[in-house]
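Please have the sequence and the model open while reading.

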Amino acid sequence: MKIQGKMFIWLSFFFLLIAVVYGVWSKEPVGTTALFLAFGLSIMIGFYLGFTARRVDVGAQDNKEADVADDAGEVGFFSPHSWQPLALAVGGALAFMGVAIGWWLMYFSAPLLLIGLWGWVFEYYRGENRTQ
């Protein structure tokens, strides 16, 4: 985490320099304000990461001798045969098409979205996958 903290601190100095140059050169208040806010956000993130890095164990990214595989952990569990994301994708596509074509299309997309979401949440509570 030390590396990331230092990167955000250096990024905040970059944002500060760019904000000053942009503000003097363009005299445009909205972009200058956005760049100063980006400076504030990156300094907060950098300070938090540096503050936290001092209180946690050293990670693999802070060890110069570490290998990429040293920091790899469990990614998660992904269902290998689920049809529910397809139902959610079709329902979501119909819902977004409903914004462009007409709101009446939401009557067809809402049940698909609800069925897909319900099925995805509860697919390991019923049927052959109950014991997984």
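## Helix content and the annotated regions

A helix here is a DSSP run of H or I that covers at least four residues, and a strand is a run of E with at least two. The model is predicted.

By that assignment, residues 110-127 are 67% helix and 0% strand, with end C-alpha atoms 25 Å apart. Residues 7-25 are 100% helix and 0% strand, and the end C-alpha atoms there are 27 Å apart. An unreviewed UniProt entry gives the feature "transmembrane region" to residues 7-25, 31-51 and 110-127.

## Helix H2

What span should the 25 residues of helix H2 have? Helix H2 takes in residues 29-53, and at 1.5 Å a residue it should span 36 Å.

At the start of H2, the backbone nitrogen of Val-30 has a side-chain oxygen of Glu-28 within 3.3 Å. Buried residues of H2 are Gly-31, Thr-32, Leu-35, Ser-42, Gly-46, Leu-49, Thr-52 and Ala-53. Helix H1 (2-26) is included in what covers them.

## Gln-84 in helix H3

Helix H3 runs over residues 84-100, and Gln-84 lies in it. Is Gln-84 buried or exposed? Its relative accessibility is 18%, and buried means under 20%, so Gln-84 counts as buried.

Which residues does Gln-84 contact, leaving aside its neighbours within four places in sequence? They are Ile-115, Gly-116, Gly-119, Trp-120 and Glu-123.

Note on methods: Residues numbered from 1 in each chain as written. Predicted model: local features only at pLDDT ≥ 70, side-chain atom pairs only at ≥ 80, totals over all residues. Heavy atoms only, no water. Expected span 1.5 Å × (residues − 1). Buried < 20%, exposed > 50% of the residue type's maximum accessible area, 1.4 Å probe, protein only. Contact = heavy atoms within 4.5 Å. Polar contact = N/O pair within 3.5 Å; in protein donor to acceptor, adjacent residues only side chain to side chain. UniProt positions renumbered as here; feature names shortened; annotations may be inferred.
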